[in-house]
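Here is a friendly walk through the model, one topic at a time. Keep the viewer open as you read.

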There are 6 protein chains.
Amino acid sequence: MPYVNIKVTKENGGLTKEEKESLVKGATSLLQETLGKNPASTVVIIDEIDTDNYGLGGELITERRKRGQ
Amino acid sequence: MPYVNIKVTKENGGLTKEEKESLVKGATSLLQETLGKNPASTVVIIDEIDTDNYGLGGELITERRKRGQ
Amino acid sequence: MPYVNIKVTKENGGLTKEEKESLVKGATSLLQETLGKNPASTVVIIDEIDTDNYGLGGELITERRKRGQ
Amino acid sequence: MPYVNIKVTKENGGLTKEEKESLVKGATSLLQETLGKNPASTVVIIDEIDTDNYGLGGELITERRKRGQ
Amino acid sequence: MPYVNIKVTKENGGLTKEEKESLVKGATSLLQETLGKNPASTVVIIDEIDTDNYGLGGELITERRKRGQ
Amino acid sequence: MPYVNIKVTKENGGLTKEEKESLVKGATSLLQETLGKNPASTVVIIDEIDTDNYGLGGELITERRKRGQ
């Protein structure tokens, strides 16, 4: 019953379904392989955050992207 | 001032306003009855998560729903 | 597979095991009765927060408690 | 590498980009000035929550707003 | 700058430092390989939760463990 | 009723009460000045995370500190 929450910026229309599947599969395997946790009850929630709502270094990711960062 | 966060999948157009009111009312009562917490300052936040962004058992809820789970 | 997180201040030695059981049982029932969610996969996590780490109204709960609030 | 999460209700179309920039800048400065934390690795995430999904005092913010609260 | 939060129960004295390193390394690689995210700014926070504070199926993990689950 | 969560590493015995008060006061003021939010219902929760449970760049903060980072 581990719980994993992944927060990433939503860019270029957001993650594809395949990318989401890889994250869920990968995080579930990580918990199973590292700690022996039961995959059947492992919950993974992916939050895609608008670049205007995500800040790093005191500025919005939107602004960092404009500078190519 | 307790804080309650409820995360559920967003299905069939999402929760109705009545369902949200029941969740807020129910969670606030639970804290009051169990711990004597003041309802006036109890905060409840409901996050409705797309079934593509919610994983259980290493797969997306979207896929589980297709199999009738 | 709903996920519920309850944050309360840790006071007088913290919640008893019975109080925690009531919170888990109550939150799980709430999700089942309101939304028909499967109790078997409902996760509830209780965070007990030191009153020095919990603020309301711009001050620590520790200070509010001293004034009888 | 501090992490700050700010949750506010989404009202009147949501926060402006300027408001978001002020929140990110302000939270990052707060961590730097209070604790000497490196602004370059300070992450700030802003969640704008629908007033139907945010409860206080056992009712939805939507209802409180109707009464002018 | 992705953010990953992993919540697991604290059992048998808690995770070892090696297990924590594996979780941090594994989650960071997952984000890099799946989404091309920069590992340098990927934050991973591990919360170890007392089995008395973690509920599944309407009961505390503490009770489930007693039954060998 | 905004909610602010601040996560920082727990170092050198953890934050002092004065530092916690500054964070709570500062975050509450930020929300009031930027968005006109009512300080009376603003909640701030500070999580102090062990450096063994906080990862950046694929490694534990504990290891980064050993290298003077």
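## Which chains meet

Chain C and chain D share no contact, and their closest C-alpha atoms lie 14 Å apart. Please keep in mind that this is a predicted model. Chain B and chain E do not touch either, with 14 Å between their nearest C-alpha atoms.

Chain C and chain B tell another story. Of the interface residues of chain C, 100% are also interface residues in chain B, so the copies meet through the same surface.

In general, two copies of a chain are related by a rotation about an axis and a shift along it.

## The fold of a single chain

Let us now take chain A by itself. Its elements are 2 helices and 4 strands, and along the sequence they follow the pattern β-α-β-β-β-α. Why is chain A described as more spread out than a compact globule? Its radius of gyration is 15 Å, well over the 11 Å that the globule rule gives for 69 residues, so the chain is more spread out than such a globule. The box filled by its C-alpha atoms, taken along the principal axes, is roughly 45 × 25 × 15 Å.

Among contacts in chain A with a separation of 6 or more, 63% are between residues 24 or more positions apart.

## Surface and charge

Buried residues account for 61% of the 69 residues in chain A. The chain exposes about 2800 Å², and carbon and sulfur atoms supply 41% of that area.

As for charge, chain A carries 10 positive and 11 negative side chains. The centres of these two sets lie 2 Å apart.

## An asparagine with positive phi

Most residues other than glycine have a negative phi. Asn12(B) is not a glycine, yet its phi is positive, at about 50 degrees. Where does Asn12(B) sit in chain B? It is found in the loop between β1 (3–10) and α1 (17–35). Is Asn12(B) buried or exposed? Its relative accessible area is 82%, so Asn12(B) is exposed.

In chain F, Asn12(F) has a positive phi of about 55 degrees. Asn12(F) lies in the loop between β1 (3–10) and α1 (17–35) of chain F, and it counts as exposed at 82% relative accessibility.

Definitions and conventions: Residues numbered from 1 in each chain as written. Chains lettered and ligands numbered in written order. Predicted model: local features only at pLDDT ≥ 70, side-chain atom pairs only at ≥ 80, totals over all residues. Heavy atoms only, no water. Rg over C-alpha atoms; globule rule 2.2 N^0.38 Å. Buried < 20%, exposed > 50% of the residue type's maximum accessible area, 1.4 Å probe, protein only. Contact = heavy atoms within 4.5 Å. Areas by Shrake-Rupley, 256 points an atom, 1.4 Å probe, with all protein chains shown as cover. Lys, Arg positive; Asp, Glu negative; His and termini not counted. Charge placed at Lys NZ, Arg CZ, Asp CG, Glu CD.
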